[in-house]
Amino acid sequence: MTAELISGRAARMERATSESSVSVRMDLDGTGRADISTSVPFFDHMLNALAKHSLIDLEVRASGDTHIDVHHTVEDTAIVIGEVLRAALGSKQGIRRFGEATVPLDEALAHAVVDVSGRPYLVHSGEPEGQEYHLIGGHFTGSMTRHVFEAITYHSGICLHMRLLGGRDPHHIVEAQFKAFARALRAAVEDDPRVEGIPSTKGAL
């Protein structure tokens, strides 16, 4: 169960456990095309937003023991997305490496900063008290937002600082974060024509 590079900066992976079955294909040089089906409708909505605003083509098929809880399916999908992102980035030559975005959604405002550093790290702050307990769309618990970002950052090897600067509606609070992450990631993985080789004084990321 290892992500494989298909061509260019496109990669894919399939992962099956007793709790879930996940297949992901990603192309960093896409147009934001999404084909998502995780059996968790609100998570589908968030992944569609992630693809659209990052301009990353993303295909996801996931199923699991959602009759127990959506936790396993959502977490495992995020794990595979992270692994595929790591593979698609390849050597990271010529990329911008850093990206940031501040994105509003009505009353909600989220700020994301990404460093394609090779060192996984997440700082996640600002959600209002009780957000983690909200059941959004009848399936997705608010606490899963941080969990998704944890899984993606850890398995892709990126650093993400995500701050919610304001928000009231639970749906808007989550969606603003996914869109901010998408825009920051888009900037970080883009080719920079002025960069030669690896954008690091160490010579490796």
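## Charges and ground rules

The chain carries 20 positive and 28 negative side chains, with the centres of the two sets 7 Å apart. Here Lys and Arg count as positive and Asp and Glu as negative, while His and the chain ends are not counted; each charge is placed at NZ of Lys, CZ of Arg, CG of Asp or CD of Glu.

Keep in mind that this is a predicted model, where local features need pLDDT of at least 70, side-chain atom pairs count only at pLDDT 80 or more, and totals for chains, interfaces and linings use all residues. Residues are numbered from 1 along each chain as its sequence is written, and side-chain values use heavy atoms, with hydrogens and water left out.

## Overall build

The chain has 4 helices and 11 strands; these are DSSP runs numbered from the N terminus, with helices being H or I of at least four residues and strands E of at least two. Its radius of gyration is 16 Å, close to the 17 Å from the globule rule for 205 residues, so the chain is as compact as a globular protein of that length. That radius is taken over C-alpha atoms, and the rule is 2.2 Å times the number of residues to the power 0.38. Along the principal axes, the C-alpha atoms fill a box of roughly 50 × 40 × 25 Å.

Of the 205 residues, 50% are buried (under 20% relative accessible area, with exposed over 50% and partly exposed in between; 1.4 Å probe, protein chains only). Among contacts (heavy atoms within 4.5 Å) with a separation of 6 or more, 73% link residues 24 or more positions apart.

Helix 1 (residues 41–54) reaches 20 Å from its first C-alpha to its last, close to the expected 20 Å, the expectation being 1.5 Å times one less than the number of residues. Its buried residues include Phe42, Phe43, Met46, Leu47 and Leu50, along with Asp44. Leu55 follows helix 1 with a positive phi, near 60°.

Helix 2 (residues 71–89) reaches 27 Å, close to the 27 Å expected. After helix 2 comes Gly90, whose phi is also positive, near 55°.

Gln177 sits in helix 4 (residues 170–189) and is buried, at 0% relative accessible area. Leaving aside neighbours within four places in sequence, Gln177 contacts Ala110, His124, Glu127, Thr145, Phe149, Met162 and Leu164.

Ala188 lies in helix 4 and is buried at 0% too. Not counting residues up to four places away in sequence, Ala188 touches Ile95, Arg96, Arg97, Phe98, Gly99, Val114 and Val116. The C-alpha atoms of Ala188 and His147 are separated by 22 Å.
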